[in-house]
Structure formats: structure tokens, C-alpha cells
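Please take a moment with the sequence and the structure below before reading on. The paragraphs after them are meant to be followed with both in view.

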Amino acid sequence: MLHYKSYTLQNYKNLSRLSSVSNEDIEAIEIVGRVLPFKTNNYVVEQLIDWNNIPDDPVFTLSFPRKEMLYPEQYNHVKNLIDKCDKSALAGYVNKLRMSLNPNPSGQKHNIPEIDGIKLDGMQHKYRETVLLFPKQGQNCFAFCSFCFRWPQFSNMEDLKFSMRKDLKLYLKYIRLHPEITDVLFTGGDPVTMSCKILEDYVEPLLAPGMEHVRTIRIGTKSLSYWPYRYTTDKDADNIMRLFEKIVKSGKHLSVMAHFNHSVELSTDEVKKAINRIRSTGAQIRTQSPVLRHVNDNPDVWAAMWQKQVELGCAPYYMFVARETGAKHFFELPLEKCQEIFRNAYQQVSGIARTARGPIMSCYFGKIQTLGVEEIAGKKVFVMRFIQGRNPDWVVRPFFAEYDPNATWITQLKPAFGDKFFFESY
Ligand SMILES: *Cc1c(COP(=O)(O)O)cnc(C)c1O
Ligand code: SF4
């Protein structure tokens with residue numbers, strides 16, 4: 001049993017582990033931590049980070065701000081304003097800088113449905129069969145990832161936050177009126193940061209009459225990696241198990257969409273216990289992660305992660321390309337490199353672990369997979385396809401983009417043949 005203790009800019013200096021961090025790296029925490037969200041906790045610090053390998057340790061890089069996450073001129077500007085103690089200029093610059101970091105990538109604001117003329121903030125309905133819900137009380141995480149693509153949720157950027165601010169009944173009515181919705185995905189933040197009682201308030205209405213078309217409930221969470229005690233020794237851990245059992249008994253599928261970035265996150269006794277407990281409820285665990293420079297840009301890490309997941313009874317699901325937000329320049333990898341990592345990792349594991357699909361860009365148009373580089377009609381191209389599409393007819397339809405060794409995102413790609421991608425003319 002461990003009591004959760006968080007570390008943020010206010011108190012991280014109490015960490016005795018900081019004795020193995022250089023002054024330069026501590027300065028970086030102070031400076032970059034003003035711009036990007038920073039929070040970690042006692043489990044991550046004591047059990048996941050290798051303090052003999054700072055600053056390059058993958059979990060340190062995941063959870064602590066590092067100097068290169070800002071461009072040098074940005075870094076120096078924040079540093080100068082802190083040194084001058086100019087609070088209002090600092091707040092102004094930090095806000096401007098955050099706005100320049102593309103806080104809401106991939107047109108997420110386009111997918112907000114309406115009912116009776118009321119916009120259902122905190123709900124997204126992009127793909128026919130699935131809606132995403134962002135429970136108001138779940139806009140928090142057990143630790144913050146330095147690559148987070150939802151970072152405005154944690155940055156006092158009120159206008160940019162997604163959350164379910166309207167009466168829950170309206171969201172439920174929307175789902176009831178849309179029989180094509182088979183999947184409801186709770187996301188955030190992290191919905192299991194909520195108490196079990198509040199989580200129940202969101203989940204139980206989906207088990208009621210009128211919701212028979214909802215076949216799968218998904219819970220997107222990083223808790224298994226950042227706080228597995230949520231399912232073992234936390235005060236209401238047993239209640240969460242009962243809620244999961246209740247969902248499964250209702251005849252619906254419950255899928256915990258677990259976010260793991262590195263095999264080390266699967267190595268502790270506590271995460272193994274938590275996975276066992278979740279599986280004993282009849283829930284399935286599926287796993288996903290972006291591929292990130294400085295964290296997991298190595299096929300061996302992915303192969304080890306997928307293999308370990310399979311052994312623990314989890315199904316590898318998605319490998320994502322880092323989204324164009326926040327400290328993207330620090331984490332991003334060319335699409336070609338992402339695909340090489342995917343292919344090399346995939347080749348190392350048996351078919352059992354080849355349930356993973358990637359590398360995938362979750363973008364305005366849908367989820368686009370890069371299948372590889374080939375030569376077609378004398379031209380070097382990327383072969384791509386949709387795994388999910390804004391228009392369901394696009395799914396699994398291949399297309400070709402001009403080969404570009406530096407491209408890191410769909411917006412940088414040009415069609416290989418013709419002047420438009422097929423999906424741009426819809
Ligand atoms: C990934 C995603 C989904 C779920 O897609 P699946 O392919 O069914 O996993 C739904 N909505 C959005 C906006 C997504 O990004
Ligand atoms: S777990 Fe997800 S939402 Fe939370 S900080 Fe990490 S990337 Fe962001």
C-alpha cells in the first residue's frame with residue numbers, strides 16, 4: 001500500500017532523489033515547468049525512474065521537463081523573466097508561448113455534437129460508431145506526460161479545455177438517439193482519477209434500458225503505468241472492481257485502453273497485480289502509445305513491451321505518431337523512421353502480439369497508417385491507408401503520398417499522383 005503523493009513545481013525540491021540531478025537539469029525543470037504541465041508522483045519516482053541515468057532515462061524524460069523541450073530563444077526568454085522577477089511579463093509570455101504550441105491539435109473542436117441546439121462540450125463524435133466523453137471531474141492525471149497532447153486540460157487555459165459542462169442527461173439523450181453508436185470511450189485527462197462513485201454516475205446510465213446499442217465501454221487511462229494502486233490498495237479500489245464486473249455482467253464489453261510508453265512501466269509487482277485484478281473482472285486490457293524520440297524510438301523497446309503485454313494478458317492496439325502540439329520538436333520522428341520502428345518491432349514478435357497497428361496519425365481526416373516506402377511508376381512514395389475515417393467509406397482504402405524523408409505529419413505530405421488526396425475532395 002502506498003499513499004499517493006504528487007510532486008509539482010511547488011514541492012519537487014523535497015525529492016531526495018534530486019541529489020543525482022545536475023544543477024543544469026534542475027534549472028530546466030524550473031524554466032520549462034512554467035510552460036508545460038509538470039506533475040509526477042512517488043510511485044513514478046521510486047519505482048520507474050532509473051536515477052543513475054539522468055536526464056536520459058525514458059521515464060524521467062516522460063515526466064520531468066527537460067531543457068530541449070523549448071527552443072533556446074524561448075528558454076532564455078522565460079529564464080530572463082524569472083531572473084528579473086517580472087511576474088506579469090512572465091505570465092504574458094508564457095500564455096503567448098502556450099498558444100503558439102498548438103494547444104488543440106487535429107481539429108478536435110470540429111467534432112462536438114449538438115442536441116436541441118445545445119453544444120455538448122466534452123463530447124466528440126468523429127467516427128460513426130464511437131463517441132468520446134470527457135467527464136468534468138476526470139480532467140486530471142496521476143502524473144503529466146511531457147509530450148501530452150491534451151495539456152491545456154491541465155494548464156489553466158479555460159477556454160481550450162474539453163469537459164462535460166452540461167447536464168449529463170443531455171449527453172445520455174444524444175447517445176440514446178444515435179443507435180449507430182456502439183462504443184462509448186471515457187477519456188480525459190484520466191477518468192480513473194475520479195472517485196469510483198463519480199465514475200459510476202457516468203457509466204451506470206449506459207447499462208440501462210434504451211442503451212442496448214452501446215456494446216462496448218472503453219476507459220482510456222494511464223493509471224496502470226502511473227498509479228496501479230488505483231486497482232489494488234486505493235480506498236475504493238474494490239468498488240472499481242465491482243463496477244467493472246457489473247459492466248461485464250450487463251453483457252457489454254469493457255475495454256481498458258491502457259497507455260504504456262515503455263516496457264519498464266510493465267516491470268513492477270504492482271502493475272502486474274493491477275492487471276490481474278482488472279482481468280479477473282472480465283474486462284479486457286488493450287494498450288497504446290505514441291512513438292517518441294528520447295523515450296521509445298527503438299524497435300527492441302516496442303517488441304519487449306508488446307511481448308510483455310501479451311504475457312500479462314493485454315492486447316497491443318495502437319502505435320501513434322506524436323501529435324503536432326507542445327514540445328513536438330523534442331519528441332517527433334520522421335514518418336519513415338516511425339514506420340521502420342514499427343516494422344522492425346513487429347517482425348520480432350509472433351502473430352499473437354501483431355494485434356498492434358501503426359504508426360498511426362490521428363488527424364483531422366481520421367486515423368492514417370503509414371504502411372511503408374515503395375517505388376511506383378518510377379516514383380518513391382509512402383503507401384498509406386485509413387484505419388478510421390471521418391467518412392466510413394475511406395477506411396482501409398490505400399493511397400500514396402510523395403516520399404519525404406523529413407515529413408513528420410500528414411499536413412507536410414503531398415499526393416504522389418494528381419494534385420489532391422482522394423479524401424480532400426469530399
Ligand atoms: C481513436 C479514436 C476513436 C476510436 O477508434 P477505434 O479505431 O475504434 O479505436 C474514436 N474517436 C476518436 C476521436 C479517436 O481518435
Ligand atoms: S496520461 Fe494522457 S492526458 Fe494524461 S498527461 Fe499523459 S498524455 Fe496527457
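Predicted model: local features only at pLDDT ≥ 70, side-chain atom pairs only at ≥ 80, totals over all residues.

Residues are numbered from 1 along each chain as its sequence is written, chains are lettered from A and ligands numbered from 1 in the order in which they are written, and side-chain values use heavy atoms, with hydrogens and water left out.

Around ligand 1, counting residues with a heavy atom within 4 Å of it, one finds Lys126, Tyr127, Thr130, Leu132, Arg218, Tyr317, Tyr318, Ser362, Lys367 and Gln388. Three of these bring a polar side-chain atom to an oxygen atom of the ligand: tyrosine 317 at 2.7 Å, lysine 367 at 2.9 Å and glutamine 388 at 3.1 Å.

The residues around ligand 2 are Cys141, Ala143, Phe144, Cys145, Cys148, Phe154, Gly189, Lys222 and His259. Sorted by class, this shell holds 6 nonpolar, 2 polar and 1 charged residues, where Ala, Val, Leu, Ile, Met, Phe, Trp, Tyr, Cys and Pro count as nonpolar, Asp, Glu, Lys and Arg as charged, and the others, Gly among them, as polar.

Helix 10 covers residues 269–280; helices here are DSSP runs (H or I, at least four residues) and strands likewise (E, at least two), numbered from the N terminus. Along this helix, Glu270, Val271, Ala274, Ile275 and Ile278 are buried, that is, under 20% relative accessible area, with exposed meaning over 50% and partly exposed in between (1.4 Å probe, protein chains only). Seen down the axis of helix 10, the buried residues fall within an arc of 135°, taken from the directions from the axis to the C-beta atoms, so they line one face of the helix. On the other side of helix 10, Asp269 and Ser280 are exposed.

The backbone also has a few details to look for. A cis peptide bond, with omega about 10°, joins isoleucine 54 and proline 55, and proline 55 sits in the loop between helix 2 and helix 3. Another cis bond runs from glycine 358 to proline 359, with omega near -15°, and proline 359 lies in strand 12. Alanine 377, although not a glycine, has a positive phi of about 50°; alanine 377 is found in the loop between strand 13 and strand 14 and is exposed, with a relative accessible area of 77%.

Conventions: Expected span 1.5 Å × (residues − 1). Polar contact = N/O pair within 3.5 Å; in protein donor to acceptor, adjacent residues only side chain to side chain.
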